[in-house]
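Please open the structure in your viewer and keep the selection tool at hand.

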Amino acid sequence: SRVPPEVVFDQKLGELFVVRTAGETLDPGVIGSIEYAASHLGARLILVMGHTSCGAVRAAVETINGGDLGSENLNHLVADLHPHIREALSQAGAPSKDLARESWANAKGVADDLLKRSPILKKAVESGNVKVHTALYHLDSGQVHFE
């Protein structure tokens, strides 16, 4: 949510359809917005982009074995990230520098979840009309890496 895609990709306001959430979390409003962009506005690329040193990812790492962030809403937000983060942590045991590995895992997990939760987007991807990619923005360098 801290990285404005218009600035990163040198685009004018209104040239990108952007949905920004902490930790790239998905809820029906987010999924519906992306479905709208693909099915009504002709968007052909969905980019799930995380960033290093993500606060939502950090909160998910800190509560991976339980914990309360002081709000039902915040607890729900990080619960959506836990499956993605858990896998990344299990491979290394400790969080990576700037949470880059965990942020990558989260972006990839969100991209997968998006297609699982949206028959519209899954069909668009299967037909070749839409592509889904992931990226990670590095706050320290301003570079974007794609996978």
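Leaving aside its neighbours within four places in sequence, with which residues is Ile46 in contact? Select Ile46: it is in contact (heavy atoms within 4.5 Å) with Ile34, Leu114, Leu121, Val130, Lys131, Val132 and His133.

The model is a predicted one, in which local features need pLDDT of at least 70 and side-chain atom pairs count only at pLDDT 80 or more, while totals for chains, interfaces and linings use all residues. Residues are numbered from 1 along each chain as its sequence is written, and side-chain values use heavy atoms, with hydrogens and water left out.

Next, select Leu26, Ile34, Ile46, Val48, Leu114, Leu121 and Val130, the residues with the most contacts inside the largest nonpolar core, which has 14 residues. Such a core is a set of buried Ala, Val, Leu, Ile, Met, Phe, Trp, Tyr and Cys residues joined through side-chain atoms within 4.5 Å; buried means under 20% relative accessible area (1.4 Å probe, protein chains only). Two or more residues come from each of helix 2 (28-39), strand 1 (45-51), helix 5 (100-117) and helix 6 (119-126). Helices (H or I, at least four residues) and strands (E, at least two) are DSSP runs, numbered from the N terminus.

Apart from this core lies another, of 13 residues, including Cys54, Ala56, Val57 and Val61.

Now select helix 3 (residues 55-62), whose buried residues are Ala56, Val57, Ala59, Ala60 and Val61. These pack against helix 4 and helix 5.

Finally, select His82 in helix 4 (residues 72-92). His82 counts as buried because its relative accessibility is 12%. A polar atom of the His82 side chain lies 3.2 Å from the backbone oxygen of Ala60.

Notes: Buried < 20%, exposed > 50% of the residue type's maximum accessible area, 1.4 Å probe, protein only. Polar contact = N/O pair within 3.5 Å; in protein donor to acceptor, adjacent residues only side chain to side chain.
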